[in-house]
Amino acid sequence: MRLTTAPWVLLATFSGTLIALQSRINGELAAGLGKDGFAAAVISFGSGFVVLALGLLLFAEPRRGVRRVLTAVREQRLKWWQVVGGFGGATFVLAQGLTVTALGVALFTVAVVAGQVGGGLVFDRIGLGPAGPQRPTRRRVVGAVLVLVAVGISMADKVGGGFPYAMLALPLVAGVCVSWQQAVNGHVKNTARSAYTGTFFNFATGAAALLAAFLVHAAFAGLPAGLPTRPYLYVGGLVGIVFITIAVAAVQKLGVLVLGLCTITGQLIGSLALDGLLPHGDTEITPATVAGAALALVAVVMAAVAGTRTGRVVASSETTNRPAAESTEPLSR
């Protein structure tokens, strides 16, 4: 990798820390709303959608991209289910609001990475993304197994004591949904010929899904008693837009695989730093959590740099709300 790409590596890694930061913000927002993760998810995803919608009014090219996508769906050149990749991002954001306070950012991140790697292997094999089918390599399979082991290690010192094991299932599922989101968003981005348009559809469909889920939940559980007064709790959507923008710019310089590896590294570093330096709720960082995160990072390296021809990213958390991109660039640009 040339020296000129070093700043992009640092920037991409930084974007991964922003994903961890968004998880913390949305977790605290949910706690401030009376542990209402549904309301927190709507506020976070919805605010991002509003900002992107306003931008759509200002820029002509993204609007042309919207017309291209709608025309392609109408002519069945693009499947309707390929346009709703935002559902994957919605699941991720909802998982943040419902589980981060109980699990901690670090364990949440390890569980999401496990789902992403496993889902990426399956979706690559069946050819869900624009790159088509890819045979899983031995190193990718070993990496996927290791990342599941990492989750077990992270939980080693939490056995018993009323640990909310059931909550671990949601970030695992969210990770799988993120992998699906990456694959189908790639089709939208290619059809629109605009990364902004792909991001807009991602936020639009995700916000709609979360709003529907929130209304159903509110019908049974009622609305939150009030809104938290701390302003930083409402910037989760803006944080999401920032790391999406970084990813869209950096992928042209790094390629998808290196970008994915950098963002995962940033997520793991950021999640450990947040839980260690700024603990929140009843969660605490333990040696087992650190060991699990380290093993997960090793597993991601194995899964991501296993030598595919297409450069498809298998596990990437910064796309909790970004369009996927495909690249044929080699790892050593």
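Axes here are lines fitted to C-alpha atoms, for helices over the stretch in contact, and the angles between their N-to-C directions run from 0 to 180 degrees. Helices are DSSP runs of H or I with at least four residues, numbered from the N terminus.

Before you start, note that this is a predicted model, in which local features need pLDDT of at least 70, side-chain atom pairs count only at pLDDT 80 or more, and totals for chains, interfaces and linings use all residues. Residues are numbered from 1 along each chain as its sequence is written, and side-chain values use heavy atoms, with hydrogens and water left out.

**Stop 1: colour by confidence.** pLDDT is the predictor's confidence in each residue, from 0 to 100. Its mean over the protein chain is 77, and 76% of the residues reach 70 or more. Now select residues 307–333, where pLDDT stays under 50. The model has 120 contacts (heavy atoms within 4.5 Å) beyond four places in sequence for this stretch.

**Stop 2: H1 and H2.** Select residues 6–32 for helix H1 and 37–58 for helix H2. H1 has 27 residues and reaches 39 Å from its first C-alpha to its last, close to the 39 Å expected at 1.5 Å a residue; the expected span is 1.5 Å times one less than the number of residues. After H1 comes Gly34, with a positive phi near 75 degrees.

The two helices pack at about 130 degrees with their axes 8 Å apart, which makes H1 oblique to H2. Angles under 35 degrees count as roughly parallel, over 145 as roughly antiparallel, 65 to 115 as roughly perpendicular and the rest as oblique. Show Gln22, Asn26, Leu29 and Ala30 in H1, which meet Gly37, Ala40, Ile43 and Ser44 in H2. These residues divide into four nonpolar, four polar and no charged. Here Ala, Val, Leu, Ile, Met, Phe, Trp, Tyr, Cys and Pro count as nonpolar, Asp, Glu, Lys and Arg as charged, and the others, Gly among them, as polar.

**Stop 3: H7.** Move on to residues 169–192, helix H7. Arg193 follows H7, and its phi is positive, near 55 degrees.

**Stop 4: H7 against H8.** Finish with residues 195–221, helix H8, whose axis comes within 8 Å of that of H7, crossing at roughly 135 degrees. This pair is therefore oblique too. Gln181, Asn185, Val188, Lys189 and Ala192 in H7 meet Ala195, Thr197, Gly198, Phe201 and Asn202 in H8. Together they divide into four nonpolar, five polar and one charged.
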